[in-house]
Amino acid sequence: MTIAPIRPGSGAPPVQTLPPGHWHGRIWVSDTPLTRPERYLGCVAEFERSGLWPVLIPHDQRFAANGEDWIDDRGRLAPAQHRVASADPEAVLARWWDGSCCDGACLRPFGARFPGLARRTARKSDPLAEAGNTGSVLAARGQHRLGLVQTERPADIPALLGWTGMIKSTDQVAELSAVLRSWEDRFGATLIVLGFDSLELSVAAPPRTQARALTVAAEHRAFSLPTFTGQPGTLREYAASLVRARHWRFSWA
């Protein structure tokens, strides 16, 4: 497959040649894992004229052991991109916030009420360049197939596909994409990995102080409670791991 321009008025010639693959509904997926990680970087570089955003699809032994592929063998929600813009990310996270936690100590300095959205961080690197570099590093470290989705912005991909990875927590995939849009705008956080029940983002403008990271950590906890409860420590300790971190991981396993 060769990436060809698909946006109206684009006269640029196709450049990036891809490994063999097939369309699975709205996502094109390579048949085998990437053997040349630089291809991911190349797809990111082509995004502005191709309109196809690349995601890495990690090997998942839970399905491989039975000869299955979650992309084809598990259901999807109805595409919901048309509802993303109408979702308020702060209201969404406030509704998803679970104020219960042991004796409350693990949520300090917050409590039963969601503290609101963190302020944006000044960008010092380009989000697309950050995504390309981080994605190519991840591709070199593990087995990932390449996925391509036609979209205006990476945050919309879960809603476009009707992704069900967060179904244990919510079936409102448009709201999930609304939060991802907000993180794109405030932190240059860009979707680079799409698993069956996991997401990974590159982050061009992470929080640079513990105080700012605390509010971001609260957003993460509301977004994916299993990610927070799956690691030891309090919200303060989780926040410390986010200071200057350029890679965010979420799981609903």
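In the hairpin formed by strand 1 and strand 2, with 2 residues between the strands, G25 adopts a positive phi near 70 degrees. This is a predicted model, in which local features need pLDDT of at least 70 and side-chain atom pairs count only at pLDDT 80 or more, while totals for chains, interfaces and linings use all residues. Residues are numbered from 1 along each chain as its sequence is written, and side-chain values use heavy atoms, with hydrogens and water left out.

**Exercise 1.** Determine how strand 2 is joined to strand 1 and to strand 4.

*Solution.* Strands here are DSSP E runs of at least two residues, helices H or I runs of at least four, both numbered from the N terminus, and two strands pair if DSSP finds at least two bridges between them. Strand 1 (residues 21-24) runs antiparallel to strand 2 and is joined to it by 4 bridges, with H24 standing opposite I27. Strand 4 (residues 144-150) is also antiparallel to strand 2, through 3 bridges, and there G147 is the bridge partner of V29.

**Exercise 2.** Locate D126 and classify its accessibility.

*Solution.* D126 lies in the loop between helix 4 (89-96) and helix 5 (127-141). Because its relative accessibility is 43%, D126 counts as partly exposed.

Conventions: Buried < 20%, exposed > 50% of the residue type's maximum accessible area, 1.4 Å probe, protein only.
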